[in-house]
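Dear colleague,

Please read them with the coordinates open.

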Amino acid sequence: MEKIILTGDRPTGRLHLGHYVGSLKRRVELQNSGEFDKVYIMIADAQALTDNFDNPEKVRQNIIEVALDYLSVGLDPEKSTLFIQSQIPQLTELSFYYMNLVTVARVQRNPTVKNEILQKNFEASIPVGFFCYPISQAADITAFKATVVPVGEDQLPMLEQTKEIVRKFNSIYGEALVEPDIMLPDNTVCRRLPGTDGKAKMSKSIGNCINLADDAETVRQKVMNMYTDPTHIKVSDPGHLEGNTVFTYLDAFSRPEHFEMYLPDYSNLQELKDHYTRGGLGDVKIKKFLNSILQAELEPIRAHRKEYEKDIAAVYEILRKGSEKARAVAESTLQDVKNAMKINYFSDTELIKAQAEKYKG
Ligand code: ATP
Ligand code: MG
């Protein structure tokens, strides 16, 4: 069986560090590993419209932002198909058939959807389109016969839902769909990177992000304002690591060589943590250290972005070509699905013959 990747992002803002450690970095590694037959990367504009239907301009403006972020981290249109969801109408058609296979109660139990409904104040007025987005996501994944979906932890319930749809479809209509596997980051803190406010996951909709495209000074300011330990008032106070966003980010981003480069008084993260919890280590020092690490990681990404920004029309052309390619693949799966469901009346000569027989004489 072919090894195929499908994953994507909603064009609701520029991409941030959560995307980077949760999915983007892995995608680039997988793309370059040569182990995959196909890599599909989708800008999920139709999904973004389910909760931004009253602000289509936001979605429209952010398509290019997400595309630039993709290219700047190293997604390569020669190796990966970059496309826009709404340009593949086959996905909508698949969703419609999959909706029959899912109950309202099942979607209501989806913890990520539950959480997002609260966050968006949708309790009393959930748009049906938003409610159904896990089903449309199953269409996205299965349309490309994806075997691996590299995403953050918030996507676990979506993958579970997709697997259920695949099993149900295949058991009722025959084996037409492929069951995908989720691929979460190995480093557990990267599965759900918190926002700089330390509250929820870093999320475009909340605005607690460090964006990949932020300039050096903006990154520095965001790091210096990050949430740490509110009980760590004087430098001599013992500090706490639990819920301390700066340490969570160090868990996500620091590597042994960073100590030698930027903080040679310590030989590893554990030593730094021990000193912090003992007391006598100020927040400013660790924030400066984190800032150095992030700047080093983000600088090449910013530089790449600047290059791609010089020819925006070429970026749209990459998306146009990718969408065309993706459409053909989704069309082929849609035909498999309709054949399995026997929605193929005009090409089914057996059916026409049998009906004619029934009405003979
Ligand atoms: P929105 O607020 O519009 O939902 P978002 O910031 O949650 O935006 P998405 O486009 O929904 O971003 O997510 C795209 C991908 O990035 C998904 O695979 C998701 O799991 C991953 N991801 C998003 N935020 C984080 C995070 N904070 N930590 C790890 N992975 C994340
Ligand atoms: Mg999200």
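Asn-121 counts as exposed because its relative accessibility is 60%, and in this predicted model the residue sits in the loop that runs between helix H6 (111-119) and helix H7 (128-131). Its phi is near 55 degrees, a positive value in a residue other than glycine. Most residues other than glycine have a negative phi. Lys-145 likewise has a positive phi, near 50 degrees, and is placed in the loop between helix H8 (133-143) and strand E4 (148-150); with a relative accessible area of 23%, Lys-145 is partly exposed.

Turning to the packing of helix H3, the axes of H3 (residues 56-73) and helix H14 (residues 283-309) come within 8 Å and cross at roughly 125 degrees, so the two helices are oblique to each other, and the crossing is right-handed. On the H3 side the contact includes Glu-65, Asp-69 and Val-73, which face a set in H14 that includes Ile-301, Arg-305 and Glu-309. By class, this contact of H3 with H14 has five nonpolar, two polar and four charged residues.

With helix H15 (residues 312-341), the axis of H3 comes within 10 Å and crosses at roughly 90 degrees, which makes H3 roughly perpendicular to H15. Here Ile-63, Ile-64, Ala-67, Leu-68 and Leu-71 of H3 meet Ile-312, Val-315, Tyr-316, Ile-318 and Leu-319 of H15, and the contact has ten nonpolar, no polar and no charged residues.

As for charged pairs, the count comes to 30 salt bridges. One of them joins the side chains of Glu-57 and Arg-60 at 3.3 Å, N to O; because these two are three residues apart in helix H3, they are separated by about one helical turn. Glu-57 is partly exposed at 39% relative accessibility, whereas Arg-60 is exposed, with a relative accessible area of 57%.

Lys-273 forms a salt bridge with Asp-251, with the closest N and O atoms 2.8 Å apart, and this pair links distant parts of the chain, since Lys-273 belongs to helix H13 (residues 269-278) and Asp-251 to helix H11 (residues 245-253), 22 residues apart. Lys-273 is buried, with a relative accessible area of 14%, while Asp-251 is partly exposed at 28%.

Finally, Glu-307 and Lys-310 meet in a salt bridge at 3.1 Å, N to O, and salt bridges that share partners join Arg-14, Glu-65, Asp-69, Arg-305 and Glu-309 into one network.

Methods. Residues are numbered from 1 along each chain as its sequence is written. Chains are lettered from A and ligands numbered from 1 in the order in which they are written. This is a predicted model: local features need pLDDT of at least 70, side-chain atom pairs count only at pLDDT 80 or more; totals for chains, interfaces and linings use all residues. Side-chain values use heavy atoms; hydrogens and water are left out. Helices (H or I, at least four residues) and strands (E, at least two) are DSSP runs, numbered from the N terminus. Buried means under 20% relative accessible area, exposed over 50%, partly exposed in between (1.4 Å probe, protein chains only). Axes are lines fitted to C-alpha atoms, for helices over the stretch in contact, and angles run from 0 to 180 degrees between N-to-C directions. Angles under 35 degrees count as roughly parallel, over 145 as roughly antiparallel, 65 to 115 as roughly perpendicular and the rest as oblique. A crossing is left-handed if the near helix is turned anticlockwise from the far one by less than a right angle, and right-handed if clockwise. Contact means heavy atoms within 4.5 Å. Ala, Val, Leu, Ile, Met, Phe, Trp, Tyr, Cys and Pro count as nonpolar, Asp, Glu, Lys and Arg as charged, and the others, Gly among them, as polar. A salt bridge is a side-chain nitrogen of Lys or Arg within 4 Å of a carboxyl oxygen of Asp or Glu.
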